[in-house]
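Please open the model in your viewer and keep the selection panel at hand. We will go from stop to stop, with something to select at each one.

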Amino acid sequence: MDTTQLLKGVLDLAVLAVVADEDGYGYDVVRRLRAAGLEEVGDASVYGTLRRLYSSGALTSYVVPSDEGPHRKYYGINAQGRSTLEAQRKDWHEFAGVMSGLLNDKAEVVR
């Protein structure tokens, strides 16, 4: 199954969840999402999501000098972002429950 469209719908939620655990710079967030099982997530999609969440006021940012190249822009979640995360987490659980019910009902009909 091509999960690209599914991922687009939940990328904001996934990024908020990752930075809620620990602040991170762009590639660090990508790496953590991939390690969590979202292997298909694209770098550009995550960078765009971080910028959009920052612009909307859900994230803060700060720059940390790096000895290994350019400075890194870190993103962290703030109160507005935590509120958004909690609301989206609730929506996700409700939606996932509905889908599980639909899929389980269909599986029993097929049997």
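**Start at helix α2**

Helices (H or I, at least four residues) and strands (E, at least two) are DSSP runs here, numbered from the N terminus. Contact means heavy atoms within 4.5 Å, and buried means under 20% relative accessible area, exposed over 50% and partly exposed in between (1.4 Å probe, protein chains only).

Before going on, a word on the model: it is predicted, with local features needing pLDDT of at least 70 and side-chain atom pairs counting only at pLDDT 80 or more, while totals for chains, interfaces and linings use all residues. Residues are numbered from 1 along each chain as its sequence is written, and side-chain values use heavy atoms, with hydrogens and water left out.

Which residues of α2 are buried? Colour G26, D28, V29, V30, R32 and L33, and you have them. After α2, stop at G37, where phi is positive, near 120 degrees.

Now select residues 4-21, which form helix α1; the axes of α1 and α2 come within 10 Å and cross at roughly 105 degrees. Axes are lines fitted to C-alpha atoms, for helices over the stretch in contact, and angles run from 0 to 180 degrees between N-to-C directions. Angles under 35 degrees count as roughly parallel, over 145 as roughly antiparallel, 65 to 115 as roughly perpendicular and the rest as oblique. α1 and α2 are therefore roughly perpendicular to each other.

Show side chains at this contact: from α1 come L11, A14, V15, V18, V19 and D21, and they meet V29, R32 and L33 of α2. By class, this contact of α1 with α2 has 7 nonpolar, no polar and 2 charged residues. The classes are Ala, Val, Leu, Ile, Met, Phe, Trp, Tyr, Cys and Pro as nonpolar, Asp, Glu, Lys and Arg as charged, and the others, Gly among them, as polar.

Next, select residues 26-35 for α2 and 43-55 for α3. At what angle do the axes of α2 and α3 cross? They cross at roughly 120 degrees and come within 9 Å, so α2 and α3 are oblique to each other.

In α2, pick G26, Y27, V29, V30, L33 and R34; these meet D43, V46, Y47 and L50 in α3. The contact of α2 with α3 has, by class, 7 nonpolar, 1 polar and 2 charged residues.

While you are on α3, click S45. S45 is partly exposed, with a relative accessible area of 42%. Draw a distance from S45 to V30: C-alpha to C-alpha, they are 9.3 Å apart in space and 15 residues apart in sequence.

**Out along helix α4**

Select residues 79-110, helix α4, and find L102 there. L102 counts as partly exposed, at 43% relative accessibility.

**Zoom out**

The C-alpha atoms fill a box of roughly 60 × 30 × 20 Å along the principal axes. Of the 111 residues, 28% count as buried.
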